[in-house]
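Subject: Structure for you to look at

Hello,

Here is the structure I said I would pass on. Please open it first and keep it beside you while you read the notes below.

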Amino acid sequence: MSTSESTPLLNGVTNVNTRSYLEYQRQEKLEKRRITFFTHRNYRPWYDLLVVRGSTIPAVVLPFCVLFVWATIVTTIYKTTDLLKWVPNSTMFITIMGVAFGYLLVFRTNTAYDRFWEGRRLWAQLVVQIRNFARLIWLHVEPVDGSKISKEDFEYKKGAMNLLLAFSSACKHYLRNEPGWEFDDLWPYLEHIQDFSPENPNPPKSGTISVPLEISFHLGTYVAEMKAKNLIDGSAQGSMNGCVSGMVETFSYFERIKTPIPIAYGTFIKQALFLYTLSLPFQVLPVLGLVTIPVVSLGGAVLVAMEAIAGEIENPFGITDANDLPIDDYIDSIKAELSRIMNRRMKLSVNREWGKAVDLDGFELRYEDAVASPTTLTAHSY
């Protein structure tokens, strides 16, 4: 669903721009750089060789040039003067440090990818909770005596569905360090709550509250009041409260991924990598000669690229990096699914909705055989 499409059933709001103003300013630049998982063409094996957007090439261009110039200067001095004749003809240092750096960079990259994949797994877990909660709200919040739901309770159902969408948007802004609730893809789905209503003279100040937790409190209150009104039974109440707890738990796990890598760890890798790549020409000059220039430039660029990959994916919830998770696309999908649920009847009927089912695997299952007692089964039944 496009972000500019209207969804009349979600709080009666039409033409809602689901991007915050800050995101809108960066969107044009982002669209030129971003490669989402929905459009990346993995079925073209050699296509990735030509990809620049989203790759580490922009990050290694400057280090490659610096190493090329540095290797050229060192090689020239070694070949034309006696200043570097003290350089030993041994590669022991590069062998020992190369193994150590290999393990260190692999650990750094794997840790960053674990954070990236954990972020995707947790967002999928949040989507599961929202889908289950939406189904329970729309189909199970009904008078137990079979009577028609009141208009007031119907508006409460719409408000609860709005809060489900608002929860996902609130999580997105929290993970992107955008405190507050005055965003175009968030406040329209909160304005039916008194605290966030435009008529409230003292609304919460941005950054003073955790919006996802505030939404979870209102969802829990909704479940309790529907049980008090006898619109849901104990089983539905337990399932709904389980969904609320699951959403809060997922949000808490998001906070763990949001925690940045310790400064000492990140700076040590960069500083050690810088010194190691600068020392490479002195280790290979006696052996490689003029070939030192391309070997050092390319080898150093590969090491820098591995560190750049980790930096790109360790925070998967950003917006400016091409390798961030497409959170906006996920929220658009949630919005489309909630709209689809709200556009169907609240009471489904098997007699009205279903037709004749096909047999599985071509096996003809007859009604007479299915309901027959063991003493009246025919040979055809087997």
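A residue is called buried when its relative accessible area is under 20%, exposed when the area is over 50%, and partly exposed in between, using a 1.4 Å probe and protein chains only. Both phenylalanine 101 and tyrosine 276 are buried by that rule.

Before going on, a word on the source. This is a predicted model, in which local features need pLDDT of at least 70 and side-chain atom pairs count only at pLDDT 80 or more, while totals for chains, interfaces and linings use all residues. Residues are numbered from 1 along each chain as its sequence is written, and side-chain values use heavy atoms, with hydrogens and water left out.

The chain overall

The chain has eleven helices and zero strands. Helices (H or I, at least four residues) and strands (E, at least two) are DSSP runs, numbered from the N terminus. Of the 382 residues of the chain, 39% count as buried. The accessible surface is about 21800 Å², and carbon and sulfur atoms account for 61% of it; such areas come from the Shrake-Rupley method with a 1.4 Å probe, and for residues only the protein chains shown count as cover. A contact means heavy atoms within 4.5 Å. Among contacts between residues at least 6 apart in sequence, 76% join residues at least 24 apart.

Aromatic pairs

A pair of aromatic rings is described by the distance of the centres and the angle of the planes. Rings of Phe, Tyr and Trp (its six-membered ring) pair if their centres lie within 6.5 Å; planes under 30 degrees apart count as stacked, over 60 as edge-to-face and the rest as tilted. How many aromatic pairs does the structure hold? There are ten aromatic pairs. In one of them, the ring centres of phenylalanine 101 and tyrosine 276 are 4.8 Å apart and the planes meet at 35°, so the pair is tilted. Phenylalanine 101 belongs to helix H3 (residues 92-140) and tyrosine 276 to helix H7 (residues 263-288), so this pair ties together parts that are 175 residues apart in sequence.

Tyrosine 113 and phenylalanine 116 form a stacked pair, with 6.1 Å from centre to centre and 25° between the planes. These two are separated by about one helical turn, because they are three residues apart in helix H3. Tyrosine 113 is partly exposed, at 43% relative accessibility, whereas phenylalanine 116 is buried, at 8%. Ring pairs also link Trp123, Phe254 and Phe317 into a cluster.

Charges over rings

A charge sits over a ring if NZ of Lys or CZ of Arg is within 6 Å of the ring centre and within 35 degrees of the ring normal. Lysine 157 has its charged end over the ring of tryptophan 138, 5.0 Å from the centre. Lysine 258 lies over the face of tyrosine 174, at 3.9 Å from the ring centre.

Two single residues

Is serine 297 buried or exposed? Serine 297 counts as buried because its relative accessibility is 1%. This serine is found in helix H8 (residues 292-313). Leaving aside neighbours within four places in sequence, serine 297 is in contact with Phe64, Leu67 and Phe68. A polar atom of its side chain lies 3.4 Å from the backbone nitrogen of phenylalanine 68.

Glutamine 237 lies in helix H6 (residues 234-258) and is partly exposed, at 23% relative accessible area. Leaving aside neighbours within four places in sequence, glutamine 237 is in contact with Val223, Lys227 and Ile232.

Regards

Methods
Polar contact = N/O pair within 3.5 Å; in protein donor to acceptor, adjacent residues only side chain to side chain.
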